[in-house]
Amino acid sequence: MAKVQMPPRREMGVLLEIRNLKVEATVYSPGENPRDVTIVDGVSLALKRGKVLGLIGESGAGKSTIGLSSMGYGRGGVRITGGEVLLNGRDILKGGVQGLRRVRGSEVCYVAQSAAAAFNPAHRLMGQVVEAALLHGTATKAEAEKRAVALFTKLRLPDPKSIGYRYPHQVSGGQLQRVMTAMALCSEPDLIVFDEPTTALDVTTQIEVLAAIKDAIRDNGVAALYITHDLAVVTQVSDEIIVLRDGKMVEHGETRQIIEAPRMDYTKALVSVRSIEHEEKEPTPKPLLSVRNVTAAYGGGAVKVLQDVSVDVHSGQTLAVVGESGSGKSTLARVITGLLPPIAGSITFASRTLARRLADRSRDDLRELQMIYQMADVAMNPRQTVGTIIGRPLEFYFGMRGRERDKRVAELLDEIEMGKGFIDRYPAELSGGQKQRVCIARALAAKPKLIICDEVTSALDPLVADGILKLLLRLQKIEDVGYLFITHDLATVKAIADSIAVMYRGEVVRHGSKTQVLTPPFDAYTDLLLSSVPEMEVGWLESAIKGRRMESAGN
Amino acid sequence: MLNFKRIPLGAWIGLILTGLLMICALLAPWIAPYGNGEIVGDVWEPMSWTHWLGTDNLGRDLLSRMLYGARITIFISAMATALSFSLGAMLGFMAAVVGGLLDMLMSRIVDLLMAIPTLIFGLVVLSVLPANNLTLILVMGILSSTRVYRLSSAVAADINAMDFVEAARLRGERLGWIIFREILPNALSPLVAELGLRFIFSVLFLSALSYLGLGVQPPEADWGGMVMENKDGIVFGIPAALIPAAAIAALAISVNLVADWVLTRTTSFKGGRD
Amino acid sequence: MLVNSPLVRLIAQRVGLGILLLFAVSGLIFAGTQILPGDVAQSILGQAATPEAVANLRRELGLNDPAIVRYFQWLGGVITGDLGTALTTRQEITVTLMPRLWNTLFLAFWAAVVSIPLAIMLGLLAVRYRNGPIDKAISGFALASISLPEFFIGYLLILFLAVKLQWFPSISTVYDGIPFVEKLKAIVLPVIALVLSVLAHMMRMTRAAILNVMQSAYIETAELKGLSALDIIRKHAFPNAIAPIINVVMLNMAYLVVGVVVVEVIFVYPGMGQYLVDHVVKRDVPVVQAVGLIFAAVYIGLNIVADVAAILANPRLRHPK
């Protein structure tokens with residue numbers, strides 16, 4: 001219907017043009033009057049037919065908002081208050097509700113970050129995949145279903161003929177993400193908005209979905225807006241990149257130019273993230289922490305989550321424990337801290353054998369072994385001030401009181417590059433990076449020999465995470481503290497580790513110095529893992545797919 | 001600190017009305033124009049300057065009865081609420097923090113008690129227990145404590161699962177510190193709101209029992225009992241029974257307004273100063 | 001459907017658990033009438049009673065047997081449909097109870113017929129105009145009506161609709177062979193009182209259930225496919241909202257059944273509630289036990305229906321991996 005009135009396709013013409021977009025939202029914060037904030041301000045962009053434009057930025061940069069504006073949609077009280085969105089030459093913002101409905105699902109389709117939530121749990125997949133095509137009359141039911149099966153095949157979904165008859169919960173996350181891509185392609189739109197489609201996936205799954213999406217875009221000649229916070233991912237799929245920050249455009253250019261010769265300082269910082277200088281240290285003759293043949297299970301031995309795990313951490317050095325979700329890396333931390341007593345094996349720490357249960361450990365054992373968490377905001381009591389949070393270990397372990405304690409708190413705040421002014425603040429009044437710094441100070445206050453860092457940078461934006469990593473390395477030099485650094489992010493591992501343990505399904509599959517672990521020959525899983533981490537390099541995806549030896553772990 | 005300008009209108013109305021009724025209850029013997037049981041006029045006299053609210057079914061001054069009634073209504077409800085809270089919150093917190101067998105056993109008992117509607121079980125028990133105010137307080141308090149137990153154990157279990165409590169455990173803190181310094185400050189707001197709701201429940205429960213003739217026994221009368229005393233006037237168009245009924249409603253609504261306000265403050269809670 | 005599918009197993013489990021709970025509750029109700037320290041017979045008859053009278057009553061109540069024996073005798077009777085004999089009237093409880101049970105169910109049925117569609121409609125309205133004046137008015141009304149005692153509503157209705165306007169009788173008299181229309185007219189006021197007492201709560205919960213569904217990501221997906229508002233509600237929201245709504249309705253029906261007790265007394269309606277209250281005052285323990293158990297059974301039954309509805313509507317359980 002809508003397509004009949006359209007001007008004939010000009011293959012190289014401009015498909016989408018956004019001019020001077022302004023988006024606002026009303027914020028209701030407790031105890032204050034509602035106020036309007038500007039989320040996107042004066043952004044303009046143009047996208048040619050069949051091209052892919054990457055939108056990149058940290059959280060709050062407005063990238064999803066811009067993507068959704070190409071469908072005339074504002075999420076949760078967000079309003080487009082200024083500018084034009086020209087699609088196929090028409091301003092879709094002027095077409096009214098009916099006009100928007102004709103555009104959505106036929107000219108522009110959307111792929112969400114979490115396909116698991118974006119599919120209706122009450123309906124089979126096929127009905128949902130062909131729904132938009134039937135609604136807009138672009139195909140009959142039989143045609144649409146045939147097309148869907150072809151797309152399932154193209155996207156390398158297992159059992160493409162019958163997968164459509166399953167319910168969303170019967171299909172894995174990585175597969176669901178591909179089904180959602182098929183759903184977007186099924187109504188043969190001119191433009192697809194991909195909103196962080198691989199962010200929720202494990203790294204070995206991500207690469208396959210990414211490759212499938214890239215092929216599908218190319219073969220169908222559809223244009224795409226690809227939204228992500230990961231520069232390495234966007235490099236693989238887009239022709240051009242726009243860098244956004246706080247709702248404004250920072251830089252716009254060809255993909256190669258952005259990553260190889262960025263012009264703006266902010267872009268340069270994003271590109272050079274994780275290029276931390278860290279010299280690998282030689283292992284000491286006697287490890288600080290030695291985990292020997294540990295096996296652990298939940299449910300009284302029913303579900304084994306760790307199998308015969310052995311790792312060493314050396315004094316003043318960093319062991320990175322790397323693995324995907326379900327690999328048992330966080331369980332290892334729980335076992336070492338005594339929260340989950342192992343059913344076999346032993347843990348030696350600072351030449352003492354640690355008791356299995358937390359309750360049986362001496363106060364010195366507890367003090368010398370500290371922990372930092374992924375989510376800094378729930379790792380601190382919201383009802384305590386920074387002074388109390390950092391001061392409590394000083395009171396508890398060293399009996400410091402009053403002025404002596406306050407002096408030491410101030411010193412620690414200095415060490416984490418936050419001034420004395422923060423001493424009376426509550427956690428809610430700190431930024432994400434500051435919160436994590438306070439958690440670091442709390443751990444340092446105990447004068448530990450070893451700190452377990454559980455995904456401490458995963459919840460942070462790349463630049464903030466970078467600052468935290470640099471701080472941790474600096475503190476390691478000063479305090480001579482060892483880190484057991486749990487992460488799923490290999491870039492972080494490469495940046496800070498002295499030795500590495502790779503975990504897979506509850507077992508350590510590779511353990512040694514950083515150079516040893518990262519030098520071939522690899523075992524199958526390490527090879528898969530290493531080859532799956534996107535690099536900031538045009539053409540990496542194709543070569544990586546070619547060189548893979550093992551099928552993805554998840555799917 | 002509490003900012004008076006930020007208290008919404010509804011909460012103000014609630015606070016003032018609740019305060020007023022509390023003052024009436026406290027000062028009843030001094031501000032009541034007549035005695036509680038004193039017969040001062042004809043049956044069901046209309047409102048007049050001598051009897052502001054008229055007289056009741058026996059010719060007693062209704063205003064004076066209302067003031068004394070406020071006293072007993074609020075006293076019994078408050079005592080029952082206090083009992084339900086100390087019992088429910090204490091056991092709930094223990095169950096959440098200690099966990100294990102204790103948690104399971106108590107939760108099953110509470111499930112069982114909650115499987116019978118409160119009013120019905122209340123009636124069953126009152127059919128054999130001696131009719132006095134202590135019985136009322138005990139029965140209402142214990143039955144109501146099941147809800148407090150559910151809430152406090154759920155809230156405490158939520159907080160207990162947070163990383164900052166785990167951090168305190170890893171530090172080696174004792175149970176006392178964990179309950180009183182880590183969990184309690186964060187559980188306070190929902191519990192205070194629940195306190196209001198439990199009080200309303202007690203008021204309505206007591207009124208219903210007294211209305212049914214099973215609550216406060218004559219010659220004493222709470223508001224629910226006064227509704228019962230005067231209910232026969234309704235068919236003759238005499239609204240005396242509606243006055244204590246309206247007073248119960250006013251008390252419940254005003255406490256509800258306050259609780260509602262505390263609750264919205266809770267849901268918008270992110271810690272820090274307030 | 002296969003007998004050993006997890007769905008059937010889960011429902012069987014829930015129903016089995018409900019029956020187990022019912023037995024436990026019968027024990028609790030029985031125990032509830034034994035908690036009095038000292039002699040029940042003495043306290044029923046009062047201090048002035050002669051020792052012979054007390055001894056007679058003791059024998060009649062079977063108090064000379066241990067409590068556990070009496071419990072199983074009572075339970076055995078209940079299962080075979082014999083609820084025992086009333087102390088005060090010497091009549092068989094089952095005989096007196098049945099017509100009253102029907103009266104109560106009749107009243108509750110009409111209250112449900114009125115309140116359920118009304119609550120769902122108002123709930124939908126509140127969601128449709130969320131945070132607008134209608135929504136605010138509805139939630140204000142909800143707050144008020146949760147705080148109002150039933151007798152306040154009841155006597156207001158009597159005063160205005162029965163005494164002043166004389167539209168309906170102030171006392172809901174029903175008798176054997178009463179014409180159906182007369183019977184309906186007699187219960188109008190108690191039905192209104194009951195509806196008002198459950199409506200607000202049911203509406204608020206319906207609103208929350210629908211809002212929860214409407215804020216799901218798959219509703220956004222449907223919107224971004226270009227579906228009309230009506231289609232989104234019909235095809236995507238409704239199938240997911242139906243279970244929580246049934247759940248809400250059933251929980252409120254359970255609440256309604258309890259509300260019946262006070263409302264029946266207000267309107268002097270010859271149902272179970274009034275029967276219960278009368279005999280609590282007279283300390284007629286066998287009647288109180290029997291009626292209490294029936295109320296609890298209805299309450300538990302409705303709760304089971306609510307849970308089973310939730311299980312049935314969950315696609316994860318209907319279509320396991």
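1. Start with helix H16 of chain A, residues 462-479, in this predicted model. At 1.5 Å a residue, its 18 residues should span 26 Å. The C-alpha atoms at its ends are 25 Å apart, which agrees.

2. Which residues of H16(A) are buried? They are Ala465(A), Asp466(A), Ile468(A), Leu469(A), Leu472(A) and Gln476(A). Seen down the axis of H16(A), these buried residues fall within an arc of 165°, so they line one face of the helix.

3. Now look at the face of H16(A) turned away from that buried side. Lys477(A) and Ile478(A) sit there, and they are exposed.

4. What covers the buried residues of H16(A)? The cover includes helix H15 (432-445), strand E18 (482-487) and helix H17 (490-496), which belong to chain A. Between the end of H16(A) and E18(A), look at Asp480(A). Just after H16(A), Asp480(A) takes a positive phi of about 55°.

5. Six strands of chain A form an open sheet with mixed pairing. Their order is E16-E17-E18-E13-E19-E20. Strand E16 (369-372) and strand E20 (507-513) of chain A stand at the edges. Each has a single partner strand, so one side of each is left without a neighbour in the sheet. From one strand to the next, the twist averages 15°.

6. Strand E19 of chain A, residues 499-504, is joined to E20(A) by six bridges, and the two run antiparallel. Ile500(A) stands opposite Gly512(A), a residue of E20(A).

7. What lies across E19 and E20 of chain A? Helix H19 of chain A does, with residues 524-532. H19(A) runs at about 105° to E19(A).

8. Turn next to chains B and C. In their contact, 42 residues of chain C meet 39 residues of chain B. Several helices of chain C give two or more residues to the side that touches chain B. They are H1 (6-32), H2 (40-45), H6 (133-147), H7 (150-164), H11 (229-266), H12 (272-281) and H13 (285-312).

9. Which element gives the most to the side of chain C that touches chain B? H7(C) does, with eight residues.

10. Last, the make-up of that side of chain C. Its residues divide into 34 nonpolar, six polar and two charged.

Terms used. Residues are numbered from 1 along each chain as its sequence is written. Chains are lettered from A and ligands numbered from 1 in the order in which they are written. This is a predicted model: local features need pLDDT of at least 70, side-chain atom pairs count only at pLDDT 80 or more; totals for chains, interfaces and linings use all residues. Helices (H or I, at least four residues) and strands (E, at least two) are DSSP runs, numbered from the N terminus. The expected span of a helix is 1.5 Å times one less than its number of residues. A residue is buried if 20 or more other C-beta atoms lie within 10 Å of its own, exposed if 12 or fewer, and partly exposed in between; C-beta atoms are placed from the backbone. The arc is that of the directions from the helix axis to the C-beta atoms. Two residues are in contact if their C-beta atoms, placed from the backbone, lie within 7 Å. Ala, Val, Leu, Ile, Met, Phe, Trp, Tyr, Cys and Pro count as nonpolar, Asp, Glu, Lys and Arg as charged, and the others, Gly among them, as polar. Two strands pair if DSSP finds at least two bridges between them. Axes are lines fitted to C-alpha atoms, for helices over the stretch in contact, and angles run from 0 to 180 degrees between N-to-C directions.
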